[in-house]
Amino acid sequence: MRALYIIGSRWAMAAITLAMGSVYVAMTFGESPYTRFTDFIFHSPLGLALYCGLVISLVAMSVLAVVRRIRPIAPSVDAVRSMDAHVHFTDPQGPDSLEGIAQWLATSGFRPRIVPQGLLARRGALSVLPGTVLRAGVALVMVALLMGAHMRQEQQAIVAGGGESVVLFDREVRAVSISSDISSEYLQVGKADFVLQGLSALMLEGHAEFRVTGWYPVSHGGLYWRIVHMGYVQPVEHGGVTEFLELDLLPPGHVAVASPLPGAGVYEFRLAPERQIKKGLITGDVYNLISPRYELSPRGRKDGMIMARATEAARIGVDNVQLGPAGLYVTLLAARDPSLPFLRAGLLVLALALLMMIARIFWYERVFVAVMHEGSPLLGYSEEFYKKWGIYKFRRWTSGGNAP
Amino acid sequence: MGGVLGFPPSVAAIMPGMEQWISARYLLEALIFYSSLPLLIRHGSGAGPEGAAWTIPAWGLFLLGFALFFFEARSLALFTFDSALMEGYPSAVSGAALGLALGFSPLLLSARRLRAFGVERFFSPAALVVTIGAAKFLLGGVAEAQEGSILVAFQRGMQYLVEHAVDHLQRLLLIREHAFIRAPFQGLAEYLRQDRLSTAIAVAFVMIPPLLVLVRVFSRPDPEVVGIRVAAERRLKVAFFRREMISLSAPLLVCLFMLMVSFHAVSAGVNPLSEPKPMAVSESEESPGSIVIPLEDMLGDFSNGKLRKYVFFHGNDRIIFLAIMKPDGTLGVALDECEICRPADWNTAAQGYAQRGDHLICKYCMSPIAIPTVNKPGGCNPIPVPFEVQEGNIEITVADIVRVHKAARALVKKGTHL
């Protein structure tokens, strides 16, 4: 129990936090302090000791706080005199018994209990919960971070809609189709922001289908899946052979480098607008993102620019090629991380604790304790916070005879 | 000791460099400032029963004095030596010694009066240390005759920490941001990464010690006067108590004011207004009819996100335009003016844009323009100029920029009074 008091004390937590802060400050004198600090606390023995010590300290503090709150108060003269304010009702006009005080307190929502040693009345006993829940949330997040640092694994692969399967974590998956909200009439004003929101890929693993999006990661088969990039797959057919070019051309204006034909050299690809719209000072480019038009420029040369469109023929150098319909590819991220549910739970618990703090039901504790001393009642009062105003309130109640 | 380490060149040469001295000074200032918290716990608010007669032990006074004067003495010694080189050795040394003596003489002459003054009427140990710490924050940098303040370093460090912590959390939750794939809570992450939050945290960190001391002063209730029969005596007791509270709180309010002034100065230091001088550009010989600006030149490349300005002379027209790389890696090119603001021709200081952090600031109306919105026309945004990126160069046709410039001139703009 003594060890619990020591590790759960404010001094212990302050000392550990200060030690960790000092380490971080020391690391700011070098490169990439944040990365080095996380390496230190998650992978070095001293860092792990400090980190685990902080978690244990948080848990111990919560345990102690709850134990102190649920421990019954033993009414006594010393206990009353140690409270924030106390008064001895020696005036004959004041209350002369504990029952009189109980009646006085009961008029304002307190539920006094008369026990053999004296009287107890308490409100706001639940005020210990928000802090306890907050500490629990922080501890859970910290444990999840530590687990994740040691157990997370990630793999990425590029998949095209209807294309070949890929292997991620020894699992073979294939993209049945890829859909997005790209349009055939996308207007870009200047170099405005290009944002996709409806991106998704229907994946197949064996006979099981699951849909992966660029939004929230989905859970399937013990792994978490998410789309982290998108581009075009452009088939180029020449002499009966079809090459598939992966072109990273989004947002419009982005340049991708590829060789459209073996031996044809390297070309810079960019999306070409269908037309321009000018209105006063504003100039906008309209792009067909479903069946795009490309501008191909030989790398390192200013001449020889070629315009080509998906599903149409084009001439590259001396060769005639046939461009197929443009498809989409996505970069799939698969992650194995048993700590992720704990991390999410910890963040939710933290959010819950913050909400609890503003809920009135969890506000501060107020306690009345009374004992009979030398034939007349001795009444004491304590508030958890706002002690000065609590004292003023108590003096007003007891001098004016008004109920609290 | 500071003077000894700073004066003789043979000693100064083996000392650590300026950066290390500044870092050590920052640490010492922080130590002085935050030592007020354990002193608050130990000595309380310094008045009444909990802190009636406080004394700082002799070794504590020695350490405090050492911390206060060490760096200043070193800087003074360095300046004195430099002066000695220019003016003549003996006169510089004697001048410095005379200056020091004169500087300390008012303190020595009024020592008796100061002792009688009773510093404990106004300062608890915690209040004294936190006020000295705040004064060091405000004046820090004077010692090294440069503008380095611990608060600038602290705020930048906090910005860095918050940005990386948010990135780290996004990566752990598998919702990392992308240039064009919208991620969940992206808006929240962008909001948290703004310097607003890091500034708020930095302010909270620094304001907490004096606020805690101040709260401790005001949290003591008026003395119990029920047992005093004479009403005048009761009133007198309460009045003395409240006067004591006011005396104790005055230096703390001064301390808070000093910290607010420091932060106001720091905000300009962390995000100063940056306006580059326009570089002259002309029509390209290799691409006639175009202005070609390389993405990488002797100033570095555009990827540093810094604003660049250019001036193009076309006949009698002087066309100033700007270029900047946006956070998503695309470029923004626009005239150095907007469709609305029209400062007077003589008011050159109010014309155009400057950069502050991740915003362009219209120098006339001081509107912040988010850099990602450059190339979007309208409002106080700079007027977009059509351009292309070809082979590592920005290419702007002369016809386009002249057309846009003439159209901008033809606009009827407001704000012609100044």
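1. How many bridges join strand 13 of chain A to strand 14 of chain A, and in which sense do the two strands run? In this predicted model, three bridges join them, and the strands run antiparallel. Strand 14 covers residues 267-272 of chain A. One residue pair can be named: A:A256 has A:F269, in strand 14, as its bridge partner.

2. These two strands belong to an open sheet of four strands in chain A, with the order 13-14-17-18 and antiparallel pairing. Strand 13 (256-258) and strand 18 (306-309) are the edge strands, and each of them pairs on one side only. From one strand to the next, the twist averages 35°.

3. Chain B has an open sheet of three strands, in the order 2-13-12, and here too the pairing is antiparallel. Strand 2 (290-294) and strand 12 (388-390) of chain B each have a single partner strand, so one side of each is left without a neighbour in the sheet. The twist in this sheet averages 30° from one strand to the next.

4. Within the chain B sheet, which residues does strand 13 span, and over how many bridges does it pair with strand 12? Strand 13 spans residues 393-397 and pairs with strand 12 over three bridges, in the antiparallel sense. The bridge partner of B:Q390 in strand 13 is B:N393.

5. A helix also belongs in the description of the chain B sheet. Helix 13, residues 398-410 of chain B, lies across strand 2 and strand 13 of that chain. Relative to strand 13 of chain B, helix 13 runs at about 60°.

Terms used. Residues numbered from 1 in each chain as written. Chains lettered and ligands numbered in written order. Predicted model: local features only at pLDDT ≥ 70, side-chain atom pairs only at ≥ 80, totals over all residues. Heavy atoms only, no water. Pairing = 2+ DSSP bridges. Axes fitted to C-alpha atoms, helices over the stretch in contact; angles between N-to-C directions. Contact = heavy atoms within 4.5 Å.
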